[in-house]
Every structure is written in C-alpha cells, then in structure tokens.
Amino acid sequence: MEIRPILSALMRSKTGAILVAVQVALSLAILVNALHIVNVRQEVAARPSGVAAESEVFHLLARNLRPLGHNEELALQKRLAAAARAVPGVVSVAQVSQVPLSRSGSNSGFAASRKQENSSATAAVYITPDSLIKTWGLKLLEGRDFTPAEIVEIDQNVTEEFPPQVIVTRAMAEKIHPGGGSALGMPLFLGTGEGAQQLQVVGVVERLQSQGAEVGDKGEYSVLFPVRLTGDGDTLLTIRTEAGQRDRVMKEAEQAIRAATPDKLILRIRSLDDDRNTRYRADRALSWMLIAVSTLLLLVTASGIVGIASLWVTQRRKQIGVRRALGARRIDILRYFLTENFMITSVGVACGVLLALGLNQLLVSQLEMARLPPGYLLAGALVFWLLGVAAVYGPAWRAASISPATATRST
C-alpha cells in the first residue's frame with residue numbers, strides 16, 4: 001500500500017489527526033515519567049534496613065511516670081531488659097536509643113578533621129549498651145563488636161562526653177574518608193573545631209538505615225556508641241523473636257514488663273514492619289495515584305482514537321463503497337485504516353518521547369529525580385503503538401465490512 005494517498009487524505013482532514021497525535025504525545029510523556037517515579041519509589045521502599053529478618057523484630061518503649069535518679073534508672077533498665085529476655089520465644093534483646101525507619105531519634109555531625117568548619121556528614125546516632133550486631137543481625141565487614149569493658153553508663157543530664165569507640169556503617173566510612181581503604185583507625189571526630197571529640201572506629205557494618213531512612217546514601221549514615229544512657233526516664237528495648245512468634249511475644253513482653261516494676265509505665269509497642277509501613281505510606285499512596293492516572297490516560301487515549309476512527313469511517317462511507325466496488329478487498333480497507341492510525345500514532349510517539357525527556361529533565365533539576373532510562377521510552381512507544389492498533393481495529397473492521405451497495409446508496 002502506498003503511503004502517499006494516506007498522507008493526502010490526512011492533510012485534507014488535519015484537525016482529527018493532530019488531536020490524536022497530541023493526545024498520544026501528552027499521554028506518553030506523562031505515562032513513562034509516572035511509571036518511572038513509581039518504580040523509583042518502590043525501589044526506595046524496598047531498601048534493606050540492615051536489620052536481618054525484619055518481621056521478627058519489634059521494639060518496646062517503657063516510660064516511667066516517676067522521676068528517677070541515675071542509679072535507680074539504671075537498675076530499672078536492666079530489670080526491664082531481663083524481664084523481656086525471660087519471655088519464651090525471645091532470641092535477643094538490646095537497649096537502644098532509637099530504631100531505623102521510626103522517624104524519631106537524634107543525629108549528630110561528624111568530621112574527618114578538627115580543622116573543618118562544617119561536618120562531613122550528619123549521621124543517625126544509635127546508643128546501646130548491648131550488641132545490635134547480634135540482636136539486629138547487622139553484617140560486620142571489618143573490625144569487631146563492642147566489648148563489655150567499653151560500655152559506659154552516662155547520665156545525660158550531667159555529661160555529654162561519650163566513649164571514643166564507635167561502629168560505623170560502610171556508607172558513613174566512605175563519606176568521611178572517600179577512596180577506599182580500611183576504615184579501622186581512620187580519623188573521625190564528633191563535631192568540628194577544637195572542641196570536637198576524637199573517636200576510634202572499631203568496627204564497620206555493611207548497612208544500618210537512619211531513623212529517617214532518607215533517600216540515597218544519606219539514609220545509611222549511622223554511628224553506634226557503647227553507652228547505657230539515663231536521664232529521660234525512657235527505656236527503649238528492641239527485641240528479636242523466633243520465626244513466627246513475634247505477635248505472641250509482643251503481647252507477653254508487655255505483660256512481663258508491667259510485672260517487672262511496681263511503677264506505672266506508659267508502654268508503646270511497635271514492630272519494625274509497622275515502622276516500615278508508616279515510613280513509606282506516602283510513597284505507596286503516590287504510587288497508586290500515579291498508576292490510576294496512567295490507567296485513565298490509556299483509557300482516554302484509546303477512547304480518543306476509537307472516536308476519531310469511527311468518525312472517519314462515517315465520513316468516508318461512500319469512499320469506502322466506491323473502493324469496494326472497484327475491487328478493494330476487506331483486508332485492503334482494514335490495512336488502510338490501520339496504516340493511517342499507525343502513522344498518526346508514530347508522530348505522537350516521536351513527539352511524546354521528546355516531551356518525556358523534557359519533563360524528566362525538569363523533574364531531575366527541580367526535584368532531584370533519577371534520569372529516565374531509555375527502556376521506559378521504548379516500552380512506552382511500544383505500548384502506544386499497540387494501543388493505537390487495538391483501538392482502531394474495531395472501527396477499521398466495521399469499515400471493511402461495509403458493502404458497496406450500502407455505502408453508495410443515496411441518503
């Protein structure tokens with residue numbers, strides 16, 4: 001089939017063709033960027049926290065309503081931890097200042113030198129007198145865990161001087177001292193200036209997300225300190241259970257904690273799964289919204305193609321009848337409309353690819369989004385080509401089914 005007659009027909013009726021091409025271009029640009037955003041959000045939400053078997057971990061916050069002294073609070077913390085360890089099904093218990101993905105906790109600035117005016121990185125600070133490597137199953141890449149002799153007991157109302165030994169994440173080590181090499185013994189300072197405290201890196205873990213779980217490497221800047229901290233009346237315990245026992249242990253642990261002290265406690269119990277779901281609730285909502293918008297765009301685009309094609313069939317009934325009377329077969333009429341629509345869709349796809357790249361560049365510059373992979377453009381173009389063929393096939397088949405006598409009959 002020659003293309004020239006089809007082009008001539010389109011040039012005589014440009015409005016409909018332009019509307020379809022514009023609709024395809026806009027839909028393609030929005031669709032590929034929307035699906036790219038959905039994929040990026042899903043990848044972010046699926047990032048490992050560094051905690052092994054998250055579904056087996058929960059944390060329990062016990063807040064004492066009665067003011068306690070340093071020694072009394074230390075005794076209470078140890079008593080509550082012991083009560084939690086005694087619950088059947090508990091594998092490990094650790095006291096900690098904050099947990100990943102919880103969106104609640106503290107950060108501090110760290111530097112490679114006292115001479116720096118600004119910190120090299122702001123990292124989540126995990127304060128614990130126990131082994132988080134054991135309780136959370138953190139993967140130790142270099143060095144060792146804290147020893148019992150390194151753990152100190154500090155009243156935060158009296159001093160803020162922490163012990164020098166720390167464990168850092170790999171992302172944190174690479175941020176402070178880029179270029180590789182062992183992180184053990186590397187210079188690391190808490191704060192900047194002459195008053196910055198020099199620290200000693202004794203271990204490096206592969207990964208531990210911050211409480212905010214920020215996007216990118218920043219979400220994995222974490223530092224662990226071997227401290228049992230008092231001064232605020234809170235005892236936060238993170239607990240690992242045997243597989244499949246978490247929900248039962250959560251209930252029994254609450255009862256055990258309340259029975260461990262005559263004081264009135266405010267308890268809050270949450271699983272790590274709950275924290276992950278809460279952290280990424282907005283991302284999931286955005287993903288579903290974009291999926292819904294993309295689906296509606298496909299339906300609207302398909303409806304537009306069907307509507308224009310049906311209109312053209314109606315307007316060309318006599319033309320179709322004459323062609324049939326001159327010997328055109330049904331397959332010739334069908335191929336004519338399919339080719340015509342493919343040409344219009346291709347123009348829309350070409351413009352849509354350029355528009356999609358422009359929209360993505362805007363998102364990259366304004367919202368720090370990732371660049372659009374070429375595969376999305378190829379897949380989007382294929383989807384709209386197939387959509388164009390599928391949408392026009394019905395009207396094209398009706399056109400091919402028109403008999404010469406009916407089409408040429410005067411109205």
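The protein chain contains 12 helices and 12 strands, where helices (H or I, at least four residues) and strands (E, at least two) are DSSP runs numbered from the N terminus. The model is predicted: local features need pLDDT of at least 70, side-chain atom pairs count only at pLDDT 80 or more, and totals for chains, interfaces and linings use all residues. Residues are numbered from 1 along each chain as its sequence is written, and side-chain values use heavy atoms, without hydrogens and water.

The overall dimensions come next. Along the principal axes, the C-alpha atoms fill a box of roughly 105 × 50 × 30 Å.

Of the 411 residues, 47% are buried (under 20% relative accessible area; exposed is over 50% and partly exposed in between, with a 1.4 Å probe and protein chains only). Among contacts (heavy atoms within 4.5 Å) with a separation of 6 or more, 82% are between residues 24 or more positions apart.

Most residues other than glycine have a negative phi. Ala53 has a positive phi, near 50°, and is found in the loop between helix 2 (14-45) and strand 1 (57-64). Leu101 has a positive phi, near 70°, and lies in the loop between strand 2 (90-95) and strand 3 (107-111). Ala53 is partly exposed, at 37% relative accessible area, whereas Leu101 is buried, at 1%.
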